[in-house]
Every structure is written in structure tokens, then in C-alpha cells.
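Notebook, one chain. I went through one loop, then the sheet, then the pocket.

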Amino acid sequence: MATTDVFQKLDIRVGKFLEVEQLPNAKYTTHKLTIDFGSEIGEKVSCARVVRYTKDQLIGKLVLGVVNFPPRQIGKVMSEVLMLGVPDEEHECILIIPDKDVALGAQLY
């Protein structure tokens with residue numbers, strides 16, 4: 001069972017999508033996403049399958065991401081952040097997005 005201590009070790013921050021690029025030759029439709037987490041964390045790259053969104057829908061949108069997991073190699077790209085989402089009825093990722101404008105880098109508590 002997870003404890004409060006375990007949860008508090010996760011550094012979950014608000015970021016904003018700056019760039020979205022579909023990765024060529026990926027086994028699945030995968031995107032390289034550049035996300036700005038504010039001045040303390042900076043820009044990070046994440047790789048994700050986010051087929052429910054267009055590039056225009058993502059650029060400028062806020063998202064929650066875990067910024068303190070170790071980087072993970074996804075194809076030729078090093079993914080530095082785990083974006084948070086939940087599956088829809090077809091098991092595609094629906095991102096966890098703040099419903100108000102909040103500061104970049106704001107920490108979930």
C-alpha cells in the first residue's frame with residue numbers, strides 16, 4: 001500500500017507545451033513534447049502517445065508532469081518527464097490539465 005511519505009517524494013509540477021513533434025519510425029504514434037516547467041525546473045522533453053490531441057490543441061496548454069523520475073530512453077529520444085493522464089473509453093491518453101491558469105512550475109500538493 002502506498003503511503004503519504006511515498007506520494008510526497010513525487011515532484012509533480014505544472015508545465016506548458018512549447019513544441020510537439022511526431023516521432024518518425026515509431027512503433028506506435030508517439031510524440032516528442034517540449035514542456036516549460038518554469039524557471040526552477042526549466043524545459044524538459046517527454047515522449048508520449050497523445051493521439052486525442054492535435055499539435056495546435058497542445059501548444060500553450062498546461063499539463064501536470066512528474067519531473068523527478070529518472071530519464072527513460074524512448075526510441076532515439078530521452079524522455080525526462082512523465083506526463084499524467086487517464087485512459088478514455090478506447091484506452092487513449094487524456095491529459096490531466098489544470099482548469100485555471102496557474103504559474104509554470106507550481107507544485108502539486
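I looked up His91 and found it in the loop between β8 (85–87) and β9 (93–95). Helices (H or I, at least four residues) and strands (E, at least two) are taken as DSSP runs, numbered from the N terminus. The model is predicted: local features need pLDDT of at least 70, side-chain atom pairs count only at pLDDT 80 or more, and totals for chains, interfaces and linings use all residues. Residues are numbered from 1 along each chain as its sequence is written, and side-chain values use heavy atoms, with hydrogens and water left out.

His91 has a relative accessible area of 69% and is therefore exposed. The cut-offs are under 20% relative accessible area for buried, over 50% for exposed, and partly exposed in between (1.4 Å probe, protein chains only). The phi of His91 is positive, about 65°, although the residue is not a glycine. I also checked His91 against Lys55: the two are 36 residues apart in sequence and 20 Å apart in space, C-alpha to C-alpha.

Asp88 is in the loop between β8 and β9 as well. Asp88 counts as buried because its relative accessibility is 13%. A polar atom of the Asp88 side chain lies 2.9 Å from the backbone nitrogen of Glu90.

**Sheet.** What is the strand order of the open sheet? I read β3-β2-β1-β4-β7, five strands with antiparallel pairing. Two strands pair if DSSP finds at least two bridges between them. β3 (43–48) and β7 (82–83) are the edge strands, each with a single partner, so one side of each has no neighbour in the sheet.

I then followed β2 (residues 31–36). Six bridges join β2 to the antiparallel strand β1 (residues 12–22). Within this pairing, Val20 has Leu33 as its bridge partner in β2, and Glu19 has Thr34. Six bridges also join β2 to β3, again antiparallel; here His31 stands opposite Ala48 in β3. I noted burial too: five of the six residues of β2 are buried.

**Pocket.** How many residues line the largest pocket? I count 28, of which Thr30, Cys47, Ala48, Ile74 and Ser79 lie nearest its centre. The volume is about 600 Å³. On a 1 Å grid over the protein atoms alone, a pocket is an open set of points where a 1.4 Å probe fits, with protein on both sides within 12 Å along at least five of seven lines; lining residues have an atom within 4 Å of a point. The volume is the space filled by probe spheres set on the points, which are joined across faces, edges and corners.

By class, the lining has 17 nonpolar, six polar and five charged residues. Ala, Val, Leu, Ile, Met, Phe, Trp, Tyr, Cys and Pro count as nonpolar, Asp, Glu, Lys and Arg as charged, and the others, Gly among them, as polar. β3 gives the largest share of the lining, three residues. The strands that each supply at least two lining residues include β5 (72–74) and β6 (77–79).

**Confidence.** Mean pLDDT (the predictor's confidence in each residue, from 0 to 100) is 94 for the chain, with 98% of residues at 70 or more.

Key: Polar contact = N/O pair within 3.5 Å; in protein donor to acceptor, adjacent residues only side chain to side chain.
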